[in-house]
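Subject: Structure for you to look over

Hello,

Here is the structure I promised to pass on. Please open it next to this email and follow along.

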Amino acid sequence: MRFLYTIAVFLCAVLVPFRCGAQLKSYRVEVTAEYPHDITSYTQGLFFHEGQMYESTGVAGESTFRKVDIRTGEPLRKLEFADKYFVEGSVVLGDNLYILTWHNKVAFVYDINTLEYKSTWSYPREGWGLTTDGKSLIASDGSAVLYFMSPDFKPERQVTVKLNGRPMRLLNELEYIDGKIWANVYTSDMILIINPENGKVEATVDCSGLLPEKLRRPDTDVLNGIAYNPADKKLYLTGKNWPRLYEVRIEEK
């Protein structure tokens with residue numbers, strides 16, 4: 001398990017910029033529908049491909065990749081990984097499914113149509129979140145940097161994500177939506193909307209209170225899971241070991 005950063009670091013990195021008069025858009029979420037989510041899913045990656053939801057889940061010894069029935073939260077198909085692997089973010093580019101690992105320094109590639117294994121690649125850093133703009137793989141590693149790579153993991157460029165000039169660490173699960181990168185800030189209820197060209201945070205999404213206290217259990221963990229379905233333009237959020245998947249819309253504060 002990752003060590004949590006202190007409250008002081010969070011206040012400095014996230015809240016202080018707002019007191020400095022910075023002008024950026026600020027949104028909150030409104031729930032429009034909710035669905036069951038498997039409470040054993042330590043959600044690391046969440047995305048849609050051709051109208052179907054997929055999810056990668058972590059924790060060494062429990063890591064999986066799932067084709068999910070959104071109505072029930074149950075897996076239609078499930079890949080399980082060796083106990084030594086801690087699976088992280090995942091995404092589809094072309095016909096390839098890419099899956100990162102946290103500390104294992106490898107990434108896996110599968111055929112998304114058959115879920116058959118294709119290859120294993122050396123990966124040079126910690127794997128956290130993963131998304132794509134349709135041409136490049138875009139990855140986070142828990143720092144303030146987003147890495148753009150070719151489909152064969154060759155580095156292309158990188159950007160440092162900054163909110164009002166301050167680097168934003170703990171970038172985790174990623175989603176590419178309408179030309180912007182959405183990123184969970186690990187251990188917080190904040191999502192950042194980022195310009196992929198320069199790393200500037202253009203908006204924040206406040207997800208506090210999304211999962212009610214009455215649904216929380218001792219093993220309920222943080223918000224982590226952003227999925228956008230281009231087919232119907234619906235947005236979904238969940239968290240690690242959450243019992244619910246939420247369909248939401250955002251509204252400006």
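First, the ground rules. This is a predicted model, in which local features need pLDDT of at least 70, side-chain atom pairs count only at pLDDT 80 or more, and totals for chains, interfaces and linings use all residues. Residues are numbered from 1 along each chain as its sequence is written, and side-chain values use heavy atoms, with hydrogens and water left out.

Aromatic rings

The structure holds 16 aromatic pairs. Rings of Phe, Tyr and Trp (its six-membered ring) pair if their centres lie within 6.5 Å; planes under 30 degrees apart are stacked, over 60 edge-to-face, and the rest tilted. Take tryptophan 121 and phenylalanine 153. Their ring centres are 5.6 Å apart and their planes stand at 45 degrees, so this pair is tilted. The pair links distant parts of the chain, 32 residues apart. Tryptophan 121 is in strand β9 (residues 117-122), and phenylalanine 153 is in the loop between β12 (145-149) and β13 (155-160). Strands here are DSSP runs (E, at least two residues), numbered from the N terminus.

Which of the two is buried? Phenylalanine 153 is, with a relative accessible area of 10%. Tryptophan 121 is partly exposed, at 33%. Buried means under 20% relative accessible area, exposed over 50%, and partly exposed in between (1.4 Å probe, protein chains only).

Phenylalanine 153 also pairs with tyrosine 123. That pair is edge-to-face, at 6.1 Å centre to centre and 85 degrees between the planes. Tyrosine 123 lies in the loop between β9 and β10 (130-132), so the pair ties together parts that are 30 residues apart in sequence. Both tyrosine 123 and phenylalanine 153 are buried.

Elsewhere, Phe81, Tyr85, Phe108, Tyr110 and Tyr117 form one aromatic cluster.

Two buried residues

Proline 196 is in the loop between β18 (190-194) and β19 (201-206). It is buried, with a relative accessible area of 7%. Leaving aside neighbours within four places in sequence, proline 196 has contacts (heavy atoms within 4.5 Å) that include Phe148, Arg157 and Tyr176. The C-alpha atoms of proline 196 and phenylalanine 148 are separated by 9.6 Å, though the residues are 48 apart along the chain.

Asparagine 229 is in strand β20. It is buried, at 6% relative accessible area. Beyond its neighbours within four places in sequence, asparagine 229 is in contact with Phe48, Gly51, Lys234 and Tyr236.

The largest pocket

Its space comes to about 350 Å³. On a 1 Å grid over the protein atoms alone, a pocket is an open set of points where a 1.4 Å probe fits, with protein on both sides within 12 Å along at least five of seven lines; a cavity is a set from which the probe cannot get out; lining residues have an atom within 4 Å of a point. Points are joined across faces, edges and corners, and a volume is the space filled by probe spheres set on them.

The pocket is lined by 21 residues, and Phe48, Val91, Val92, Thr132 and Pro230 lie nearest its centre.

The second largest cavity

Its volume is about 30 Å³. Pro36, His37, Met53, Glu55, Val68, Gly73 and Leu245 line this cavity.

Best wishes

Methods. Helix = DSSP H or I, 4+ residues; strand = E, 2+ residues; numbered from the N terminus.
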